[in-house]
Every structure is written in C-alpha cells, then in structure tokens.
Amino acid sequence: MNTRFLNTRFLQDPLQLVGRSALDTTAQIGRWGGLITATLKALPKVDIWGRLLVGQLARIGVDSIPIALFIATFTGVVMALQASYTFTGAVPLYFVGALVGKTMILELGPVLTGLALAGRVGANIAAELGTMRVTEQIDALETLAYDPVAYLVVPRILAGLVMFPVVVVLATTTGIAAGWLTSLQLLDLSTPAFMKGLRLFFQPWDVQFALIKSVSFGLTVTSVGCFFGFTTQGGAEGVGLSATRAVVVSSMVILALDAFWAATLL
Amino acid sequence: MSIVLKDVYKSFGPNPVLRGLSLEVRDGETLAVVGQSGSGKSVALKHMVGLLKPDRGEVWVDGVNLAHLDQEGLYEVRRKVGYVFQFAALFDSLTVEENVGLGLRRLRGMTEEAIRKRVAECLRLVDLDGYQDRLPSQLSGGQRKRAGLARAIATNPRYLLYDEPTTGLDPVTTTVIDRLIVRMREELGVTSVLITHDMGSAYRVADRIGMLFEGSLRFIGTPEEIRACPDPVVRGFIEGKPELLEGAG
C-alpha cells in the first residue's frame with residue numbers, strides 16, 4: 001500500500017511541477033504583455049520621458065560599446081584563425097573573408113552583442129528598478145502624479161530599440177576588421193583576397209536581417225529587465241533574483257528569437 | 001471635504017490585512033493611527049492615495065470615490081495629497097533640489113525659476129536650506145526624512161500622509177520631526193494622517209488618535225480619551241504590555 005502511494009507521488013509531483021511552471025510562465029508572459037501595453041499607452045506622454053531619453057541612450061548604448069567591441073574583436077580573430085585551419089588544402093584561403101563577414105553579420109555580431117547586453121543592460125535595469133520598487137521610489141513617483149511606466153520604462157525601451165542596432169553595427173564592423181587584420185598578419189592573406197571573399201556571398205539583405213534581429217533583441221533585453229524590476233518583491237534578495245531572472249530570460253528569448261528570425265526571414 | 005474609508009477589506013494572497021476598516025479624517029486635524037506591526041496601518045495609508053485598491057469597501061478623498069477614477073483622475077487627486085514615506089523614498093540619482101522639484105514639474109505654468117524658488121522655500125521650511133546640491137546618499141536619516149517632507153509639501157497639498165516618519169530616528173531627531181509635523185499644520189493648514197508606533201509622537205502631534213487592531217479600528221479619540229480608555233487591547237498597546245493583548249480579539 002505504501003509503495004503504491006509512493007509511486008503515485010513520484011509520478012504526480014513532476015507532473016504537478018511541470019503544470020505549475022507552465023501556468024506561472026503563461027501568467028508571467030501575460031503580465032509582460034500588460035507592461036508592453038502600458039508602455040504603448042504611455043508613449044504620448046513625451047513631457048515625462050522626453051528629458052530622460054538622452055541619458056538612457058548613453059547608458060544603454062554608448063556605455064555598452066566597449067564590452068561589445070571587446071567581444072567582437074576576439075570573435076573576429078578566432079573566426080579567421082578557425083576558418084583558415086578548416087579550409088587549409090581544401091578550400092581557397094580567400095573564403096576566410098566570406099566566412100568571417102557572413103557569420104559576423106548574420107549571426108555572431110547580433111547574437112553575441114545581444115547576449116552580452118542581456119547581462120550588462122538587462123541586469124542593470126532589473127536591479128535599478130527592483131531597488132526603486134522595494135525602497136518605494138516607484139510608489140513615490142505615483143504619489144507625485146507621474147506615470148512610472150512613462151518615467152522609467154518608456155525611455156529605457158526606446159533607448160534599447162535605437163541603440164542595440166547601433167552597437168551591433170559597430171561590433172560587427174569591428175569583428176570583420178579584426179578578422180581582416182588577423183588574416184593579414186597571421187594567415188598570409190592579402191587585403192584584396194580577404195575583400196574578394198568578403199564580397200563573394202554578401203547581400204545587402206544580410207545587413208537588414210541583422211538590424212531586424214538587433215531591434216528585437218533591444219526590445220527583449222530592455223522590456224524583460226523593466227518587467228522583472230517592476231515586479232520585484234522583498235528586499236536585497238528579491239532585487240538579486242530579479243537581476244538574475246532578467247539575464248536568464250532575456251538570453252533564452254534572444255536565442256529563441258534568433259532561431260525564429262532565421263526560420264522566417266532567410 | 002476630507003478622507004473617508006468605508007468598510008475597507010484588503011488581503012494579500014491568503015492573508016487578510018484590512019478587515020472592514022472604517023475611518024474618517026476630519027478637515028484640518030492631525031490624526032495619528034497607531035497599532036502593532038501588521039495591523040494594517042501602512043496598508044490603510046496607501047489606500048488613501050490610491051496606491052492600493054480595496055478588495056471591498058470605498059475610499060473617498062476630497063469628496064471623490066477613488067474607485068470611480070481613471071489614471072488621470074487619480075493623478076488629479078494625488079496632486080492634493082503629499083505622502084511622506086517611511087524611508088523617505090528619495091530618488092538616489094537626483095539631487096535634493098531635483099527630488100523636491102519633481103512634483104512641481106508636473107504642474108502647468110511653473111518656470112524653472114519659480115520651481116527653484118519654491119524648492120528653496122520648502123527646504124527652508126524643513127531647515128534644509130543650502131542642501132540643494134546634495135545627493136540623498138550624502139544625507140543623514142533625519143535629513144532624508146526632512147527632504148522627503150519638503151518634497152511632499154512642495155505642491156501645496158491639502159492633505160499630508162506620514163508613514164512612520166520617526167521610525168529609526170534618535171529621540172532628538174524624532175522631536176525635530178514631530179515639531180515639523182505640528183509646524184506644517186500651523187503654517188500650511190493641512191489635514192494630516194500620521195502612521196506611527198511611537199505613542200510619544202502621537203501624543204505630541206495628534207488631535208485624535210485611532211488604534212488599528214487586526215485590520216479594523218479598535219478605538220478613536222483624543223489623546224486624553226485614549227489614555228483613559230479601559231479596553232485591555234488599547235491599554236496593552238499604549239502601555240507596552242503584551243499580556244493584555246493576548247487572547248483579545
């Protein structure tokens with residue numbers, strides 16, 4: 001009798017866990033949708049968010065450039081070296097330019113930048129807004145007749161939408177330049193040969209594809225950070241949890257979006 | 001015109017906090033609301049400015065039922081109410097001047113010069129003149145609370161709500177804050193609601209004292225009346241005798 005009970009529990013608990021997680025996730029997505037709707041409604045309140053936009057463009061975009069370029073530089077170097085290693089004796093070496101260019105533009109530029117910014121920007125937004133929530137600063141905004149979504153969320157999301165593509169373009173360019181310099185210095189490849197490879201499969205649509213992806217990543221990172229910041233509960237532990245969740249969820253959504261855009265746009 | 005709570009119920013998940021709270025704040029008075037931790041004092045205060053919505057019951061401010069207002073209507077009511085938060089809730093990234101002037105920027109027709117003048121006036125009123133350029137992190141606990149008070153009075157509200165303004169302060173700073181609360185009533189003529197654990201503060205500043213117990217109003221009366229109240233729950237609280245509270249309900 002006892003054994004049967006234990007077996008049932010063994011089966012029931014994971015099922016309940018999965019069911020509860022699915023319900024929680026659905027509810028979270030619904031609440032995130034609510035925040036996006038509130039953000040759209042707050043867009044006309046330019047008198048509230050207008051003054052704050054420039055500061056957020058700098059914090060979310062300009063301040064993220066060093067880490068994005070650092071990652072892109074080493075990615076470009078490694079891409080060139082690995083391509084050369086793979087192609088040796090089988091494929092002409094100028095294909096290094098094709099592989100570095102195509103991969104940086106289509107995939108690594110946007111995705112690595114998106115993931116890096118999910119950590120830097122997403123965690124920062126969630127921790128900042130989470131602290132404001134638990135120290136009643138968001139309530140204080142409400143009592144001063146400010147719409148907190150217009151004051152806190154709108155400028156951050158707009159800055160993400162504008163600055164992510166800018167950072168991605170800079171990072172991609174830097175990655176390709178690093179690949180080119182590596183080819184010149186370490187692979188005995190000439191500039192015309194690298195450029196020949198770079199042009200070989202290049203299509204203008206690739207750049208548009210990268211920009212579409214980076215805009216969607218910007219929306220993801222900033223809105224998910226704002227969402228977890230706004231819904232923070234408790235004290236320091238709650239703030240830490242929100243920052244972690246913002247990074248994890250943003251990273252997962254970025255990877256899912258990456259696959260989605262590849263399946264629908266290419 | 002004043003603040004009225006009618007039979008208000010509020011729960012957070014399975015935990016009921018307010019259980020049929022009815023309370024009227026009279027025009028021009030300072031009402032201190034006392035009670036043990038968890039009795040629902042701060043939750044009641046947040047209902048008065050629409051930061052929380054009741055599960056059941058009504059909240060009226062200045063003759064308006066808050067349940068019937070949209071967001072803009074709620075903001076109109078909030079312009080008449082100043083809220084002093086327990087830990088001041090100053091914006092970390094803004095200077096004292098920017099914090100105090102934030103509410104003024106939502107008012108139409110205020111020039112930068114007028115805002116600066118009004119901020120200086122409010123800071124003078126709370127004895128913080130000259131602190132305009134400091135960040136909240138550069139202020140002591142008492143100074144932060146005074147800056148929070150300056151922010152609350154900047155828009156000339158009709159009502160001032162204080163959420164435990166003296167918690168965590170030394171006795172001298174507590175007396176300074178108490179005197180400021182009295183000064184606000186005398187100089188600005190505001191109606192005030194003060195949430196506190198501190199009976200000394202309540203006696204010093206309040207015209208009436210209400211005591212919450214288990215989410216509803218247990219007693220309301222003048223400081224003299226509460227001192228003479230025979231109810232063991234009230235006596236247990238004001239005399240700090242938990243044995244009188246045990247078994248009461």
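Over how many bridges do strand β1 of chain B and β2(B) pair, and in which sense, parallel or antiparallel? Select residues 3–12 of chain B for β1, then β2(B): the two pair in the antiparallel sense over eight bridges. Strands here are DSSP runs of E with at least two residues, helices are runs of H or I with at least four, and both are numbered from the N terminus. Two strands pair if DSSP finds at least two bridges between them.

Before going on, a word on what is shown. This is a predicted model, where local features need pLDDT of at least 70 and side-chain atom pairs count only at pLDDT 80 or more, while totals for chains, interfaces and linings use all residues. Residues are numbered from 1 along each chain as its sequence is written, chains are lettered from A in the order in which they are written, and side-chain values use heavy atoms, with hydrogens and water left out.

Stay with this strand pair. Click B:Lys10 and you'll find its bridge partner, B:Leu18, in β2(B). B:Tyr9 stands opposite B:Arg19.

Next, bring up the whole sheet. It is open, with four strands in the order β2-β1-β4-β5 (chain B) and antiparallel pairing. The edge strands, each pairing on one side only, are β2 (15–25) and β5 (64–65) of chain B. Contact means heavy atoms within 4.5 Å.

Last stop: show both chains. Here 19 residues of chain A are in contact with 22 residues of chain B. Five salt bridges are counted between the chains, each a side-chain nitrogen of Lys or Arg within 4 Å of a carboxyl oxygen of Asp or Glu. To see one, select A:Glu136 and B:Lys46, whose side chains meet at 2.9 Å, N to O. On the chain A side, α5(A) gives the largest share, six residues.
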